[in-house]
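Please work through the exercises below with the sequence and the coordinates open beside you. Each task sentence is followed by a solution that goes step by step.

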Amino acid sequence: MFAELLQYMLSGLTIGAIYALAGLGFSIIYNASHVINFAQGEFIMIGGMASATLTASGVPLPLAILIGCGGAMLVGVLVAKFAVERARNASTVTLIIITIGASIFLRGVAELVWGKDFKRLDAFSGETPIQFLGASMQPQSLWVVGTAAVLIVAIGLFFNRTLTGKAILATSHNRLAAQLVGIDVKRVVLASFALSAALGAIGGAVVAPITFSYTEMGIMLGLKGFTAAVLGGLGHGPGAVAGGLIVGVAEALGAGYISSAYKDAVAFVIILAVLLFMPNGLFGKRGTERV
Amino acid sequence: MKMLATTDLSPDTMSQARRVGPPILKVEHLSREFGGVLAIGDLSFTVAAGDIHSIIGPNGAGKTTLFNLVTGVYKPSGGRVLFDGADVSGMAPYRLAARGMSRTFQNLQIFFNMTALENVMVGRHLHLNTRLLPALFRFPSLVRKDREAKDRAAQLMADVGLEKYIDADAASMPYGALKRLEIARALASEPKLLLLDEPAAGLNATESREIDEVIKTVAATGVTIILVEHDMKMVMGISHRITALNQGRMLAEGTPQEVAANADVIAAYLGAAP
Amino acid sequence: MRKSLLATIAFTAMTAMTAVSGLLSGAAQAADPIKVGAIISATGPASFLGDPEKKVLELYADRINKAGGVDGRQVQLTVYDDGGAADKAASFTKRLIESDGVDVIVGGTTTAATMAAVPLVERAGVPFISLAGAVVIVEPVKKWVFKTPHTDRMAAEKVMEDMKKRGLTKLALLSEDSGFGKSGREQTVAVAKERGIELVADETYGAKDTDVTAQLTKIKNTAAAQAVLVFGLGQGPAVVTKNYRQLGMSLPLYQSHGVASKEYIRLAGGAAEGVRLPAAGLVVAAQLPDSDPQKKVVTEFTKVYEDSFNSEVSTFAGHAYDGLMIALDAVKRAGGTDKAKLRDAIEQTKGYVGTGGTVTMSPKDHMGLTLDAFHMVEVRQGDWSLVK
Amino acid sequence: MNALLHGRLTGLLALGAVIAVLPAFLPNNFYLDIAILAGFNAVVCVGLNLLIGYAGQISLGHAGFFGIGAYASGVLVGVYGWPPILALLTGAVVVGLLAFLVAKPILRLKGHYLAMATLGIGIIVSIVLRTESGLTGGPDGMMVEPFKIFGFELYGEKVWYWVVGVLLIGVVWLSLNLIDSPMGRALRAVHGSEVAAEVVGVDTARFKVLVFVVSAVFASVAGSLFAHYAGLITPAKADFFKSIELVTMVVFGGMASTFGAVVGAVVLTLLPQALTVFQDYQQIVLGGILMATMVFMPKGLLPTLAALLPARRRA
């Protein structure tokens, strides 16, 4: 009984860590530009595809991940520069469609470059399951959770300790004021896209050995990341991380104890229930409209 | 409400010849806090029907918060608001509008996705058939009343001096004209009580004087007006009574002359401690 | 002014539409080619079936044309990718019939796509050779519908035959929730009853699931189970296989013929070792005895495929090859592309030796394969090996 | 303000004329089929535009309502043997009630939170349709019987073209009526400034709920008829991508313009069909076109084109 619960928790935490990274990506971009970037899932896909195909052609794994990460960052900056920045004053729904257009475009390019089939990436340290209190776990799960934890801590330090990080935070609080004190707001937006892309790509690379990589892998991961970000409160970094873990664990428990077919619905039921009582998510700011 | 008269009443005849009407609005021990900070604290005052009643005070005194509390945009943390004898504390703005209360905004709240005329026609909302089926199937009665509303809105725009903007998109109008458009829209709902939040802010001297005239003409038709304004010349010129606030609390109340002479008011405006 | 504006808009709209329709109808045709249409799931969850199918159709249409065509007529192939979606398959079928005016349709990679196309081809009267597995496609017999792969019932029979040989009688079933898997589940339940095999667990998973540990955990906790059968196609069974080993499960694992591609072994990696499944002789061409009538055909096809695409042949490539060859063979015998005659000719296919076995159709059998063309194979050291 | 965007009668006449002459230019049933699909999409988009374009509320879940309508018809007619028209009406009532129940709490949400909530509702609906395979046929969908009414059976592209044509004209007429009414102005006022609408007496919550229900019912009716026409429905018709497609049509054509919604639906239904000639580049071209249109024409196709023509004031 306990072993079963533990098994579901482990599965949930693994996928939840990826949701958390994606949700963090959404939040970082939202903070800097008030855009919901629906192409966030494609950054994950780029990371997963690049690392799988590059290692298959003989590139050492760390280098492959680095290249994938760099590629995703470049793509992120391009999306920010040529699509999002030009449409700064467009309405929310227009911006949503622009980023969805970007995601379709990126999937199309990925299909052309890497093909439509599933790619396999070998697990980083073997596939011998680790037995743990009756549950068993892939070594790769440890990689996923560990990498996510390191990245999240690094992001926290980046925002609180470095000048660039503080500039991004300042921009999110008050764009105009940030501009007035000499922060290059445009560069902040570009930096936020690059940063989110990097998070997504690394997440994609570490999760690829578990899920396989394919050009559509980013769609659901991206949506779940969005759910995580909204659950935690848009723009609230630690909230997005918590949101991701909650969604991941709830999904795994739902699949185990309720119905595996309704697994994907769990995240959305939770988000609806939470928004019903907390319209700004679990940790979001409660603002009063100023008139 | 009658159509706005074009006759002018000078302030002098107004202040001397009038009698004080019954109370239309009573604010009792009203308070509101934001995250532990008191924006309005234990505030009580009464507005008499037919008056032009001004609220003054330095920036941050809580004037706009008070407006938002009275008109239902914010809910009070304590105390109550009586309108026409009924307790309306925390009542939704659209219900208050149905009872005869409307307002304008310090930061313009124009429907920029419509023409100027349509903006004013929205003000006729309460007097039109706004049900779904008649609208979908274009009942003749609805069309006829809508046409009347259009004429009425055009007349109101003329009354506030916006004739030439009748067909304009609201988004293409200058700031001064939009200020009046808000007044016309509010008037279209035929309020008994009209709250004007800094109607002259950002206007030049000529425009200010014109707004001044508009307010007086509206008041002359029997509409009670509560005014928040920084232009002291205007406030002193047209108000019957003035309530002065500082840091969310009552500082002084009385006729323009009384308030102008109040030492606390002068101190607050000069920034010294009272 | 207003009127002229509207007229301009209306005119522009119509010009645009006619321009688009010109674009859609394609280039002018050469003298009377044989028009073969195909709906293939070249992308999506069934892409590892559809992709080789598409390649093979294109390759052989090209080879046949270079060799002078069929009875002097060129083969004109139109392939649409349904992405694994049934509704897209239906709309492309409509397009093939109505707009492209094809003489025969090959395809429907998946059972769902095939079943979506069936009412359309039946109504229009176009011969249709499906490449999908489920028995529902040809049972009950539909006038215009044929298929090349072995059925899911045959797969279930073959698996249970093998279980009996190993002395196993209690089976846990895990099936995909769409077309092939659903039909496979039904057939497994029916065959199990006939053969006295007890079904002790019956779980399903989604075609796009990337984690099925929850379902496997339940099966793992079913003490009675002696073997596990997975009925699905595409990458899903590979995910199952990986999760299976990850949970440390060691019961014999069977898959269906829906994974008879090297792609499955590649994706599942070491986890696929020891997995058994029924498959056409094609995947074990070199291991077939020389006496096998298929040996020559499959050896040759394998060589052509692997030389052309530099990747290993799968049974799905073979299904597409069989479908195209049966269609073109029927064109020869029917003496043209009259649809009714072509249909009759396909139904009269006799002793055609293809990659799936020897095909002999009849008005009662629109597939024409028997169980002995089906071989039980096991994954050993990353390759298929014939279970003797 | 342009005749093209707001002219009631001229616009309707032009639409009617295009629908009337179009079949003469369509060489075969395949093109008729695309025209019919465009028509169905246009009906949904006209309704969705009332919500997005006029009232300014986002819905990323409208395909869910389309799907419920479609499956209501499929299941009630196919499994329970109801008359199609009764199934269609039942579907519309169910969708109306569902929309009413969810509208109140979720329309309090703003911007991206509302986007998230509506997206969630749409996805949940499509998952239910996919999973309850006993009734719905699961991921592969279900066959739907032809539409029969008064002993007539609607069958084939030639019949359905006119059914959808008339439906579209009717829906456009209703939409134009609504916009040009006190309620329509109230909706636009909600978009312009909720607080300003409230202080002149507009019960903003009521109108947001109403328009949400109306647009959901439009989608449901279109879904029901689509199910009978297509003969095959799958949960994909209710999923996230279909919702996104619908919103994109509205925004692409031009928000707050009924004819814009129609144009958007028609163009984006044709586009993927036309793009099949690009084969492997199809997605790249589609994504590129979406981005470019929204970046360079954020107001959408029709308003941007109209602005290029000489401006014309309304009398």
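This is a predicted model: local features need pLDDT of at least 70, side-chain atom pairs count only at pLDDT 80 or more; totals for chains, interfaces and linings use all residues.

**Exercise 1. Confidence in chain B**

Task: State the mean pLDDT of chain B, and find where in chain B pLDDT stays under 50.

Solution: Begin with the chain as a whole, for which the mean pLDDT is 88, with 92% of the residues of chain B at 70 or more. Then go to residues 1-15 of chain B, over which pLDDT stays under 50, and for which the model has 18 contacts beyond four places in sequence.

**Exercise 2. Contacts between chains**

Task: Determine which of the five pairs of chains that touch has the most contacts, and describe the side that chain D contributes to its contact with chain A.

Solution: Among the five touching pairs, chains A and D have the most contacts, whereas chains B and C are joined by no contact, their closest C-alpha atoms being 18 Å apart. Next, count the residues on each side of the contact between D and A: 33 residues of chain D meet 37 residues of chain A. On the chain D side, the elements that give two or more residues are α6 (111-131), α12 (240-253) and α14 (282-296), and α6(D) gives the most, with 12 residues.

**Exercise 3. Helix α14 of chain D**

Task: Compare the length of α14(D) with its expected span, and say which elements its buried residues pack against.

Solution: The 15 residues of α14(D) reach 21 Å from the first C-alpha to the last, close to the 21 Å expected at 1.5 Å a residue. The buried residues of this helix include D:Ile284, D:Gly287, D:Leu290 and D:Met294. Those that are buried in α14(D) pack against α3 (61-84) and α4 (92-114) of chain A, and also against α12 and α15 (301-308) of chain D.

**Exercise 4. A:Ser141**

Task: Decide whether A:Ser141 is buried or exposed, and name its contacts beyond four places in sequence.

Solution: A:Ser141 lies in α5 of chain A, and it counts as buried because it has 23 C-beta neighbours inside 10 Å, where the cut-off is 20 or more. Leaving aside neighbours within four places in sequence, A:Ser141 is in contact with A:Leu10 and A:Thr14. The C-alpha atoms of A:Ser141 and A:Ser11 are 8.1 Å apart, although 130 residues separate them in sequence.

**Exercise 5. The largest nonpolar core**

Task: Identify the residues with the most contacts inside the largest nonpolar core.

Solution: This core has 428 residues, and A:Ala20 and C:Ala327 have the most contacts inside it. Helix α3 (residues 29-54) of chain D provides the largest share, 18 residues. Beyond four places in sequence, the contacts of C:Ala327 are C:Val36, C:Val104, C:Val106, C:Ile129 and C:Ile346.

Conventions:
Residues are numbered from 1 along each chain as its sequence is written. Chains are lettered from A and ligands numbered from 1 in the order in which they are written. pLDDT is the predictor's confidence in each residue, from 0 to 100. Two residues are in contact if their C-beta atoms, placed from the backbone, lie within 7 Å. A nonpolar core is a set of buried Ala, Val, Leu, Ile, Met, Phe, Trp, Tyr and Cys residues joined through C-beta atoms within 7 Å. A residue is buried if 20 or more other C-beta atoms lie within 10 Å of its own, exposed if 12 or fewer, and partly exposed in between; C-beta atoms are placed from the backbone. Helices (H or I, at least four residues) and strands (E, at least two) are DSSP runs, numbered from the N terminus. The expected span of a helix is 1.5 Å times one less than its number of residues.
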